[in-house]
Amino acid sequence: MKIKLALYSTDGCHLCELAESILRDFSDLISIQKVDIITSDELVCLYGEAIPVIKRIDDEALLFWPFDHQAVEELIR
């Protein structure tokens, strides 16, 4: 069973593109729901200055940028 993650991001964010690239390397272990923060004022307030942010759905652990492969691996283990 794949681990479910949410990626909080927005269009035109180059750091978000880097985060997606890192997450693609874990595609056999995770499923990703992209959430565009621009769709919600609350999400903009929470993550507007911090994106990209990864949230593990099952325990709501958060991983804020900057992160690397090792940090993602620790999040999903």
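This is a predicted model: local features need pLDDT of at least 70, side-chain atom pairs count only at pLDDT 80 or more; totals for chains, interfaces and linings use all residues.
Two strands pair if DSSP finds at least two bridges between them.

Select residues 53-56, which form strand β3, and then β4; the two pair in the antiparallel sense over three bridges. Within this pair, Ile54 stands opposite Leu63 of β4. In general, strands of a sheet pair through backbone hydrogen bonds, either parallel or antiparallel.

Now display the four strands together. They make an open sheet in the order β2-β1-β3-β4, and the pairing is mixed. Which strands stand at the edges? They are β2 (30-36) and β4 (62-64); each has a single partner strand, so one side of each is left without a neighbour in the sheet. From one strand to the next, the twist averages 20°.

**Second stop: the helices on the sheet**

Select α1, which lies across β1, β2 and β3 and runs at about 165° to β1. Next select α3: this helix packs on the sheet and touches β1, β2, β3 and β4. The direction of α3 makes about 20° with that of β3.

Select Leu5, Leu23, Ile30, Ile54, Leu63, Phe67 and Val72. These residues have the most contacts inside the largest nonpolar core, which has 15 residues. Two or more residues of this core come from each of β1 (3-9), α1 (14-24) and α3 (69-76). The largest share, four residues, is given by α3.

Center the view on Leu5. Not counting residues up to four places away in sequence, Leu5 touches several residues, including Leu23, Ile30, Ile54, Leu75 and Ile76. Apart from this core lies another, of 10 residues, with Tyr8, Cys13, Leu43 and Val53 among them.

**Fourth stop: the cysteines**

A disulfide is a covalent bond between the sulfur atoms of two cysteines. How many disulfides does the structure hold? It holds one. Select Cys13 and Cys16, which form a disulfide with their sulfur atoms 2.5 Å apart. The torsion about the S-S bond of Cys13 and Cys16 is about 75°, so the disulfide is right-handed.

Buried means under 20% relative accessible area, and exposed means over 50%. Cys13 therefore counts as buried, at 14% relative accessibility, and Cys16 likewise counts as buried, at 2%.

Finally, select Cys45. Is this residue buried or exposed? Cys45 counts as exposed because its relative accessibility is 71%. The closest cysteine sulfur to that of Cys45 is in Cys16, 17 Å away, which is too far for a bond.

Conventions. Residues are numbered from 1 along each chain as its sequence is written. Side-chain values use heavy atoms; hydrogens and water are left out. A nonpolar core is a set of buried Ala, Val, Leu, Ile, Met, Phe, Trp, Tyr and Cys residues joined through side-chain atoms within 4.5 Å. Buried means under 20% relative accessible area, exposed over 50%, partly exposed in between (1.4 Å probe, protein chains only). Contact means heavy atoms within 4.5 Å. A disulfide is a pair of cysteine sulfur atoms within 2.5 Å. Axes are lines fitted to C-alpha atoms, for helices over the stretch in contact, and angles run from 0 to 180 degrees between N-to-C directions.
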